[in-house]
Structure formats: C-alpha cells, structure tokens
Amino acid sequence: MKLKYMTLTALATSMIFVTTIMLQIPNGIGGYIHLGDGLLLVFSILLPSRYAFFAASIGSALADLASGYSLYILPTFIIKGWMSLCFYHHQNSTKRIMLGYLSSCILLIGGYFITDFILYQSFSIAALSILPNLLQGGCGCILSFLLYPILMKSLRSF
C-alpha cells in the first residue's frame, strides 16, 4: 500500500508541476493563473494527507522555480501544502469535499494576500491579488470537480 501511495504521489507531483507551467496567465502583480490547482485539489481528495501535502507543495513550488517566480517558492510551498490539508482522506462526502474547496480557496486568497503584503509592503498591491486569486481558486475547484470522477475511476484499478 505504501508503494502505491508513493507512486501516486510521484505521479501527482509531476502532474501538478506540468499543469502549472504549461499554461500561465500573468495576473499583473507578480503571480499567474494556471490549471495546476485543479489537479492539486483532486489529488488532495484522493491521497492521504501527508502524500497530498508533498505533491501539492513540491509540484507547485517547483513550478514557481521553473517559471522564474522565485520570490513565491516558499509561500507557494506553504500555501499549497495547507490547501491540500483541507480534505479528509477516506471521509469524502460531497459536503466535506465542498467544505474542502471553500477552505482551500480561502487559504489561497488569504495566503497570497499576506504574501503580497509582505513582499510589496503595500495593502493596495496585496488587495489587487484578491480577484485573480479568487479566479484561480474558483477555476481550480471547477476543474477538480470535473476531473475527480474520471481520476477516481482510473485509480480504482491502480
């Protein structure tokens, strides 16, 4: 079982990394909108917490490194890891998944707001990050919602 989760974690990490760097839309204040959070949320539902944390943190932080957003590597590592912890493994009722989506969006928006406030020492610049991060979180939740049943069926045979 441990080998299965380690293998899935490696797959999840690489898929989060690739989907984060393959399509990036700059948000105008130092970050970017991407598809990686959709897979991050799906794997956060499917994997036990420690494996999901690893995949979310490492995959996302490596994407920031590869994309030239080095200022965001540590905040991304922390924020994406916390986002992955919003889901309870093996207790995934629809209500808990929706609560996880809401919690992860709040962490995304709040985490990057705090990050931008610290980096730029400006409440105004940090406030500008709210809308793009809301869009990022919402798109990630929708993508995850669409991909979850597909990946769940695929992983049953794994």
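A cavity here is a set of grid points where a 1.4 Å probe fits but cannot get out. With that idea in hand, let's look around this structure, which is a predicted model.

**The enclosed space**

How many cavities of 30 Å³ or more does the count come to? The count comes to 1. The largest cavity has a volume of about 200 Å³. Lining the largest cavity are 18 residues, and the closest to its centre are Gly-31, Tyr-32, Thr-76, Tyr-112 and Asn-133.

H5 gives the most, with 3 residues. If you sort the lining of the largest cavity by class, you get 9 polar, 6 nonpolar and 3 charged residues.

Now for some charges. Side chains of opposite charge can pair when their charged atoms come close. Searching the whole structure turns up 1 salt bridge. Its partners are Lys-80 and Asp-37, whose side chains meet at 2.6 Å, N to O. Lys-80 sits in helix H4 and Asp-37 in helix H2 (residues 36–46), so the pair links distant parts of the chain, 43 residues apart.

Are these two residues buried or exposed? Lys-80 has a relative accessible area of 3%, and for Asp-37 the value is 1%. Buried means under 20%, so Lys-80 counts as buried, and so does Asp-37.

Helix H1 (residues 2–22) is where you'll find Thr-19. With a relative accessible area of 12%, Thr-19 is buried too. What does its side chain reach? Another is the backbone oxygen of Ile-16, at 3.3 Å. Leaving out residues up to four places away in sequence, Thr-19 touches His-34, Leu-35, Gly-36 and Leu-39.

Arg-96 is partly exposed, with a relative accessible area of 34%. Gly-110 is partly exposed as well, at 27%. Each can be paired with a residue elsewhere in the chain, as the table shows.

| Pair | Apart in sequence | C-alpha to C-alpha |
|---|---|---|
| Arg-96 and Cys-86 | 10 residues | 9.1 Å |
| Gly-110 and Ile-78 | 32 residues | 12 Å |

Finally, there's Gln-121, in the loop between H5 and helix H6 (123–128). What is its phi? Gln-121 has a positive phi of about 50°, although it is not a glycine.

Then find Lys-80 and Asp-37, which meet in a salt bridge, and Thr-19, which is buried in the model.

Notes:
Residues numbered from 1 in each chain as written. Predicted model: local features only at pLDDT ≥ 70, side-chain atom pairs only at ≥ 80, totals over all residues. Heavy atoms only, no water. Helix = DSSP H or I, 4+ residues; strand = E, 2+ residues; numbered from the N terminus. Buried < 20%, exposed > 50% of the residue type's maximum accessible area, 1.4 Å probe, protein only. Polar contact = N/O pair within 3.5 Å; in protein donor to acceptor, adjacent residues only side chain to side chain. Contact = heavy atoms within 4.5 Å. 1 Å grid on protein atoms, 1.4 Å probe; cavity = no way out; pocket = protein on both sides within 12 Å on 5 of 7 lines; lining within 4 Å. Points joined across faces, edges and corners; volume = space filled by probe spheres on them. Nonpolar A, V, L, I, M, F, W, Y, C, P; charged D, E, K, R; others polar. Salt bridge = Lys/Arg side-chain N within 4 Å of Asp/Glu carboxyl O.
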